[in-house]
Amino acid sequence: MYIAAITITVLSILLLLAAWRDDAKIESDMGKATAEVLSAGKLRSAVSFVTPDGVTHNPELGVLYPTNLTAGQRIDVEYFRADPDLVRVAGRDARVAILPTASVIVVVWAIAIPALYLERRMRHRRERRIAGGPSPESFA
């Protein structure tokens, strides 16, 4: 359980750092466009937009920070000019991922700490029984 909690915590932090890295890339060479939301979901929304060179882009992984979008909506997006598939909703950045990331970490540890405590207690009781020591039930 301990390893799983640490793994989930590390992965959550890495995802947040990756979001900041993507934002830094976009901000280093930013293009802006108006996009149409083709499909909308909580975790992924597909968009289509045209860059100034006349090329239409439909990023395979969707748009970053897709919360509260609806299909058919027109939105402003910011993209990395060197790779227009890296695109985010204008005005949003990795800060919107802090609360969900922190929530995941808190919930994981809220489950892991009591589970680890109970597992340790049970192991300690088992070790006492094996060593021939008195069990808590023998005092009742």
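1. The largest pocket is lined by 27 residues, and Leu43, Leu64, Tyr65, Pro66 and Ala97 are the ones nearest its centre; a pocket here is an open set of points on a 1 Å grid where a 1.4 Å probe fits, with protein on both sides within 12 Å along at least five of seven lines, and lining residues have an atom within 4 Å of a point. Its space comes to about 920 Å³.

2. This is a predicted model, in which local features need pLDDT of at least 70 and side-chain atom pairs pLDDT 80 or more, whereas totals for chains, interfaces and linings use all residues. Numbering runs from 1 along each chain, and side-chain values use heavy atoms, without hydrogens and water.

3. Helix α1 (2-28), strand β5 (83-89) and helix α2 each supply at least two residues of that pocket's lining, with α1 giving the most, six residues; helices (H or I, at least four residues) and strands (E, at least two) are DSSP runs.

4. Helix α1 also gives the most to a nonpolar surface patch, with nine residues. That patch, of about 940 Å², includes Tyr2, Ile3, Trp20 and Ile98, and its nonpolar side chains are joined within 5 Å, each residue having over 30% relative accessible area and no salt bridge.

How values were computed: Points joined across faces, edges and corners; volume = space filled by probe spheres on them. Patch = residues over 30% accessible without salt bridge, like charges linked within 9 Å, V, L, I, M, F, W, Y side chains within 5 Å. Areas by Shrake-Rupley, 256 points an atom, 1.4 Å probe, with all protein chains shown as cover. Salt bridge = Lys/Arg side-chain N within 4 Å of Asp/Glu carboxyl O.
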